[in-house]
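Dear colleague,

Please find the structure below, handed over for your files. My notes on it follow directly after.

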Amino acid sequence: MGKLIFYLLIALLIYWVVKIRIPKQKDDESPPESVEDMVNCAQCGIYLPKSEAVSSHKKYFCSHEHCNLYLKSSS
């Protein structure tokens, strides 16, 4: 009888350890938001989302003004 209780306690201990290690899955988890690429302005170095950047000559800028300044300084 003592062995049966011992094995039962070992089984409960294993069950408890496995249950703690497996993370709970939530049904209401929302999918992660999409991640947007970040680029830095070739003129001032500020980082901004790629969708908001101005692209010219394979470079990204935070505004048209910085694009024009960069092009003037490089020519």
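Serine 56 is found in strand S3, residues 54-56; helices (H or I, at least four residues) and strands (E, at least two) are DSSP runs, numbered from the N terminus. The model is a predicted one, in which local features need pLDDT of at least 70 and side-chain atom pairs count only at pLDDT 80 or more, while totals for chains, interfaces and linings use all residues. Residues are numbered from 1 along each chain as its sequence is written, and side-chain values use heavy atoms, with hydrogens and water left out.

Serine 56 counts as buried, at 16% relative accessibility (buried means under 20% relative accessible area, exposed over 50%, partly exposed in between, with a 1.4 Å probe and protein chains only). Leaving aside residues up to four places away in sequence, serine 56 touches Phe61, Cys67 and Leu71, where contact means heavy atoms within 4.5 Å.

The loop between S3 and strand S4 (59-61) holds histidine 57, and lysine 58 also lies in the loop between S3 and S4. Neither is glycine, yet phi is positive in both: near 50° for histidine 57 and near 60° for lysine 58. Histidine 57 is exposed at 64% relative accessibility, and lysine 58 is exposed at 84%.

As to the cysteines, the structure holds zero disulfides, a disulfide being a pair of cysteine sulfur atoms within 2.5 Å. The sulfur closest to that of cysteine 44 belongs to cysteine 41, at 3.7 Å, which is too far for a bond. Cysteine 67 is likewise in no disulfide, and its nearest cysteine sulfur, that of cysteine 41, is 8.9 Å away. Cysteine 44 is partly exposed, with a relative accessible area of 42%, whereas cysteine 67 is buried, at 7%.

Helix H1 covers residues 2-21. Its end C-alpha atoms are 29 Å apart, in agreement with the 28 Å that its 20 residues should span at 1.5 Å a residue; the expected span is 1.5 Å times one less than the number of residues. Of these 20 residues the number buried is zero, so H1 lies largely in the open.

Isoleucine 5, in H1, is partly exposed, with a relative accessible area of 44%. Together with Met1, Leu4, Leu8, Leu9 and Leu12, Ile5 forms a nonpolar patch on the surface, with about 680 Å² of accessible area together.

Yours sincerely

Note on methods
Patches are made of residues with over 30% relative accessible area and no salt bridge: like charges are joined within 9 Å, nonpolar side chains (Val, Leu, Ile, Met, Phe, Trp, Tyr) within 5 Å. Accessible areas come from the Shrake-Rupley method with a 1.4 Å probe; for residues, only the protein chains shown count as cover. A salt bridge is a side-chain nitrogen of Lys or Arg within 4 Å of a carboxyl oxygen of Asp or Glu.
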